[in-house]
Amino acid sequence: MKNGLFIVKARIKLISTEQGGRKTGIISGYRPNHVFEYTPEGKLFQTYIGDINFEGERLIPGEERIATVRFLLVKELEQYLTKGRKWWLHEGPNVIGEAEVL
């Protein structure tokens, strides 16, 4: 925790374009919606805001990279940020990738 942020190291993997992911890559600083749970009906339970920072150029759909994710400090989020926890990256209702706390 630092300056109102939760900071975690994570493995980020973007879904390939063919599987319904983005058509273009992302750059460091990208801020998707982070989803840790869905309702029983498959709807988004809650989304959290966090930026993804990594070394190098773009992260291309289908690739994975180790990154630092900085979340806005929201008390409910803390329960999810345990080693090995996976979550999904969204652009609106579309899943564009997944992440795992390292």
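Hi everyone, let me start with charges: the structure holds six salt bridges, where a salt bridge is a side-chain nitrogen of Lys or Arg within 4 Å of a carboxyl oxygen of Asp or Glu. Before I go on, please keep in mind that this is a predicted model, in which local features need pLDDT of at least 70 and side-chain atom pairs count only at pLDDT 80 or more, while totals for chains, interfaces and linings use all residues. Residues are numbered from 1 along each chain as its sequence is written, and side-chain values use heavy atoms, with hydrogens and water left out.

Let's look at the overall fold. Six strands form a closed barrel in the order S1-S4-S3-S2-S5-S6, with antiparallel pairing. From one strand to the next, the twist averages 45°; axes here are lines fitted to C-alpha atoms, for helices over the stretch in contact, and angles run from 0 to 180 degrees between N-to-C directions. As for the names, helices (H or I, at least four residues) and strands (E, at least two) are DSSP runs, numbered from the N terminus. Two strands pair if DSSP finds at least two bridges between them.

Now some of the pairings. S2 and strand S5, residues 86–91, run antiparallel and are joined by three bridges, and histidine 34 stands opposite leucine 89 in S5. S5 also pairs with S6 in the antiparallel sense, over six bridges; there, tryptophan 87 has alanine 99 in S6 as its bridge partner. The hairpin of S5 and S6 has two residues between the strands, and in it glycine 92 takes a positive phi near 60°. S1 and strand S6, residues 94–101, pair in the antiparallel sense over five bridges.

Which residue in S6 is the bridge partner of arginine 11? It is glutamate 100, and the side chains of arginine 11 and glutamate 100 also meet in a salt bridge, at 3.5 Å from N to O. That pair links distant parts of the chain, with arginine 11 in strand S1 and glutamate 100 in strand S6, 89 residues apart.

Arginine 11 has another salt bridge, to the side chain of glutamate 64, at 3.3 Å from N to O. Arginine 11 lies in strand S1 and glutamate 64 in strand S4, so this pair ties together parts that are 53 residues apart in sequence.

How accessible are these residues? Buried means under 20% relative accessible area, exposed over 50%, and partly exposed in between (1.4 Å probe, protein chains only). Arginine 11 is partly exposed, at 30%, as is glutamate 64, at 45%, and glutamate 100 is partly exposed too, at 21%.

Elsewhere, arginine 65 and glutamate 63 meet through their side chains in a salt bridge of 3.9 Å, N to O. Salt bridges that share partners join Arg11, Glu64 and Glu100 into one network.

On to the greasy part. The largest nonpolar core has 23 residues, and Ile12, Phe71 and Trp87 touch the most other members. By nonpolar core I mean a set of buried Ala, Val, Leu, Ile, Met, Phe, Trp, Tyr and Cys residues joined through side-chain atoms within 4.5 Å. S1 gives the most to this core, with five residues. Tryptophan 87, not counting residues up to four places away in sequence, touches several residues, including Val8, His34, Phe71 and Ala99; contact means heavy atoms within 4.5 Å.

Finally, two loop residues. Phenylalanine 54 lies in the loop between S3 and S4. Is phenylalanine 54 buried or exposed? Phenylalanine 54 is buried, because its relative accessible area is 9%. Beyond four places in sequence, its contacts include Ile26, Leu59 and Ile66. Phenylalanine 54 and isoleucine 66 are 12 residues apart in sequence and 6.9 Å apart in space, C-alpha to C-alpha.

The other one is arginine 22, in the loop between strand S1 (5–14) and strand S2 (33–35). At 17% relative accessibility, arginine 22 counts as buried. A polar atom of the arginine 22 side chain lies 2.9 Å from the backbone oxygen of threonine 24. Leaving aside neighbours within four places in sequence, arginine 22 is in contact with Ile15, Thr17, Tyr30, Pro61, Glu91 and Ile96.

Note on methods:
Polar contact = N/O pair within 3.5 Å; in protein donor to acceptor, adjacent residues only side chain to side chain.
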